[in-house]
Amino acid sequence: MDTRFDLTIEEAAVLLRGGEVVAFPTETVYGLGADATSAEAITKIFAAKGRPSDNPLIVHIGSTEQLSQVVSEIPETAQKLMDAFWPGPLTIILPKQAGIAENVTAGLSSVGVRIPAHPAALALLQSANIPIAAPSANVSGRPSPTQARHVADDLRGKIAGILDGGATEIGLESTVLDCTSTPPMILRPGGVTRAQIEAVIGSVVMAESLAEPESAPKSPGMKYTHYAPQAPLYLVQGDDARFRRLIAEARAGGKRVGILVPADQTDYVADVVLACGRAGDPLSVSKGLYAALREFDEHGLDVIYLAPFYTRDLGEAITNRLQKASGHRVI
Ligand code: TXA
Ligand code: MG
């Protein structure tokens, strides 16, 4: 298939309405969209990504008027969250409407839905005027794409086209909140933090499997390896001296070592030193994180070491993705 890189919003909308698969920017990461009411169109998403069919997709809409096509019920808590955070990086899981194709939700009776806060995404969704299912536009297991170039690297020849909207703002996927259980449960931390959610609807819980990879996943997507560079990635605990010592030891042992550090702290001796964001500014880190994880693959490394970045607020999502990228390898 010839992938078009020069799509206008109107052309992308026509392709989506015609049952084709098109990548588009959102404020989080690039999505790989198709008509959520057409099982045939959705099949093409799973094929292009190589995504396991038991992992459900998020449905994107351009306005709350389309909500009744996607969900069958809107509890008051969900309504409050929509009022507070949409358009924005919060996916809300609610009971599914019959018109949504079965393979969008992997057979589940619930569906994840969000209105993204990106002008091109909103214009596209409004122009297509159908609910659009869209996972991140990467090959399954790779870091999510935060630039059109990443989408092209992964999916060239496999999809109808890419709507280029430049680099995405947040760089990490949306928060996924299950509102079919009481209290609501965060299945994936993301751009909207737990504290922000709790300020609107009171206490929520974190899915246990976020902290303990061994326990049963609440969200199908949580059990798969994600965002992983080719070289093994280790999260290094302890102080800076220990971090430096580990790098030196691995290099003395003949290994090519890559590290990722804040842009204002790059005085390390390693084979590849990638900089990402600034200490004290988690958004600047989340923005560049996946591009950095992809870049490691260009350097033929034997091992990648990462010192912990942040743990609070948006840092919770950053830590979550780094734990997944490392396959929970902590030293
Ligand atoms: O920011 C984002 O959320 C991006 C952009 C494109 O919107 N999309 C995205 O989609 O990250 P994806 O497919 O890569 O991740 C969707 C996650 C998966 O972990 C999936 O298992 C979970 O949401 N999910 C979707 N529907 C669900 C449902 N009904 N119940 C539980 N988990 C669900
Ligand atoms: Mg994904």
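## Contact between the two domains

In this predicted model, 25 residues of domain 1 are in contact with 16 residues of domain 2. Domain 1 covers residues 9-206 of the protein chain, and domain 2 covers residues 233-326. Their C-alpha centres lie 29 Å apart.

The size of an interface is often given as the accessible area lost when the parts come together. Between domain 1 and domain 2, the buried area is about 1,600 Å², and carbon and sulfur atoms give 55% of that area. On the side of domain 1, the residues that lose the most area to domain 2 are Pro143, Leu172 and Pro189; together they account for 34% of what that side buries.

## Polar and charged links across the interface

Between domain 1 and domain 2 there are 4 salt bridges. A salt bridge also joins the side chains of Arg142 and Asp297, with an N to O distance of 3.1 Å.

Helix H5 (148-155) and helix H6 (194-201) are the elements that give two or more residues to the side of domain 1 that touches domain 2. By residue class, that side of domain 1 divides into 8 nonpolar, 11 polar and 6 charged residues.

## Aromatic pairs

A pair of aromatic rings is described by the distance of the centres and the angle of the planes. The model contains 2 aromatic pairs. One of them is formed by Tyr234 and Tyr305, whose rings are 6.1 Å apart centre to centre, with 55° between the planes. This geometry is classed as tilted, since an angle under 30 degrees would count as stacked and one over 60 as edge-to-face.

Tyr234 belongs to strand S11 (residues 233-235) and Tyr305 to strand S14 (residues 303-306), so the pair ties together parts that are 71 residues apart in sequence.

## Backbone features in loops

Trp86 and Pro87 are joined by a cis peptide bond with omega of about -10°; Pro87 is located in the loop between helix H3 (76-85) and strand S4 (90-95). A cis peptide bond also joins Thr182 to Pro183, again with omega of about -10°. The loop that holds Pro183 runs between strand S8 (175-178) and strand S9 (185-188).

Ala106, a residue other than glycine, has a positive phi near 55°. Ala106 is placed in the loop between S4 and strand S5 (110-114).

How values were computed
Residues are numbered from 1 along each chain as its sequence is written. Chains are lettered from A and ligands numbered from 1 in the order in which they are written. This is a predicted model: local features need pLDDT of at least 70, side-chain atom pairs count only at pLDDT 80 or more; totals for chains, interfaces and linings use all residues. Side-chain values use heavy atoms; hydrogens and water are left out. Domain bounds come from an automatic or database domain assignment. Contact means heavy atoms within 4.5 Å. Buried area is the accessible area (1.4 Å probe) that two parts lose on being put together, summed over both. Helices (H or I, at least four residues) and strands (E, at least two) are DSSP runs, numbered from the N terminus. Ala, Val, Leu, Ile, Met, Phe, Trp, Tyr, Cys and Pro count as nonpolar, Asp, Glu, Lys and Arg as charged, and the others, Gly among them, as polar. Rings of Phe, Tyr and Trp (its six-membered ring) pair if their centres lie within 6.5 Å; planes under 30 degrees apart count as stacked, over 60 as edge-to-face and the rest as tilted.
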